[in-house]
Amino acid sequence: MMSSSAAYPPLNAPGGNMFNNMPGYEGIGAGFLPPPMPTEPVPPPQPMPDNWDIPALTEDIAREALKDFASSHCCYGSDPADKGVITNMEPFNTFRYRLETFTEVRSHESAQKPYEGETADFYTQPAPQPWEVQAKPPSLFTNHTEEIRVPYTSSVKECDGCHAKGTKTCQNCNGNGYKSCTRCDGSGKKEEQDCGRCNGTGKDKCSKCNGKGTLECDICKGKKKLLTYIKLKVEWKNNENDYVVEQNSGLKIDDLDSVSGKELFKNSQYMAYPLLGFPDHNIYEASERLIKEHQSKFAQTSRILQQRQTVELIPITKVNYKWKEGMHLYYVYGKENKVSAENYPDSCCCVIL
């Protein structure tokens, strides 16, 4: 009959390769852990709404937007906005597609901490597989990281940083507890009298160790022992990519990053489907491409928990106006009616001191 001591290794710290022999923890610290196969059924594609309209920008709103733009710049005059004559307004409304893939990634590594009386449970029973360890996820599409001590991997060992003393020699004073007096250079005398700083001893108490000659061990924090275990790192991340349909208005696409549009479609499910039948074929192609890219990029290294697709209609209006016999233009874009006017005609080179 096998004794209990032969059935399980002792609860003190395992050898350097013991963790590597635990099922699910081979090659510990080697990087991400392949996720389990998904078990949720894949839902069918959902129908899209057919309300794609957006109100046209009025001349009054376009003028007010330019006034707000001019007033927000200290060097811009208000005359073009107040007295300029709008001659043409042309819409270049465009679509923005966004795909979000919410993933969970797990990795593990050997870890240790000062021992504070925790139960040493190494090998008292088999440790759960990395993807079986319970971890509470955050709200969907929210970034979060959690570090978990894997059950049944903990053991206790003496601190090798201080040889289980709990203290280390103070390097500032070489363990003496004092240093040579800086006023008398260790002589104890200053101008043929006892040094007032060290009272004639020639020694200054070490300020780092307070004269003890030792410091608390920075590894075990004075506990003399360490708890070693497998640390599981769980990272939830929202991976996001956008695509904006080129509108050929002259407005830079990057300008649209700072504005919002009218939300036409929003769908969240375990697996997203390309938006077949969308009025703008560019959006269908972008959704198909990004969904394939996300599956290829994330499915092998992480567990996909949810995907979300959003389509916005972003209003863009190109406004031409006349001021002082010159023709000028600006753009009003986004629900916020933000303005881009790179060559605003009434500006000065002011300097703020």
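The expected span of a helix is 1.5 Å times one less than its number of residues. Helix α4 (residues 281-298) has 18 residues and reaches 26 Å from first C-alpha to last, close to the 26 Å expected. The model is predicted.

**Helix α4**

- The buried residues of α4 are Ile-283, Tyr-284, Ala-286, Ser-287, Leu-290, Ile-291, His-294 and Phe-298.
- They span an arc of only 160° around the axis, which puts them on the same side of α4.
- Lys-292 and Ser-296 are exposed, on the face of α4 turned away from its buried side.
- The cover over the buried residues of α4 includes β2 (94-114), β11 and β13 (303-314).
- At the start of α4, a side-chain oxygen of Asp-280 comes to within 2.8 Å of the backbone nitrogen of Asn-282.

**Helix α2**

- Helix α2 (residues 59-71) has 13 residues. From its first C-alpha to its last it reaches 18 Å, close to the 18 Å expected at 1.5 Å a residue.
- Ala-62, Arg-63, Ala-65, Leu-66, Phe-69 and Ala-70 are the buried residues of α2.
- Their arc around the axis is only 155°, which puts them on the same side of α2.
- Asp-60 and Ser-71 are exposed on the other side of α2.
- Elements covering the buried residues of α2 include α3 (79-83), β1 (85-91), β14 (316-323), β15 (326-333) and β16 (338-340).

**Nonpolar cores**

- In soluble globular proteins, nonpolar side chains tend to be buried together.
- The largest nonpolar core has 17 residues. Met-22, Tyr-25, Val-133, Val-150, Ile-230 and Leu-232 have the most contacts inside it.
- Strand β11 (residues 225-244) gives the most to this core, with 4 residues.

**Gly-200**

- Gly-200 sits in the loop between β8 (193-194) and β9 (203-205).
- Its relative accessibility is 31%. Buried means under 20% and exposed means over 50%, so Gly-200 counts as partly exposed.
- Gly-188 and Gly-200 are 12 residues apart in sequence. Their C-alpha atoms are 4.0 Å apart in space.
- Leaving out residues up to four places away in sequence, Gly-200 touches Gly-188, Asp-194 and Cys-195.

Terms used
Residues are numbered from 1 along each chain as its sequence is written. This is a predicted model: local features need pLDDT of at least 70, side-chain atom pairs count only at pLDDT 80 or more; totals for chains, interfaces and linings use all residues. Side-chain values use heavy atoms; hydrogens and water are left out. Helices (H or I, at least four residues) and strands (E, at least two) are DSSP runs, numbered from the N terminus. Buried means under 20% relative accessible area, exposed over 50%, partly exposed in between (1.4 Å probe, protein chains only). The arc is that of the directions from the helix axis to the C-beta atoms. Contact means heavy atoms within 4.5 Å. A nonpolar core is a set of buried Ala, Val, Leu, Ile, Met, Phe, Trp, Tyr and Cys residues joined through side-chain atoms within 4.5 Å. A polar contact is a pair of N or O atoms within 3.5 Å; within protein, one must be able to donate a hydrogen and the other to accept it, and residues adjacent in sequence count only if both atoms are side-chain atoms.
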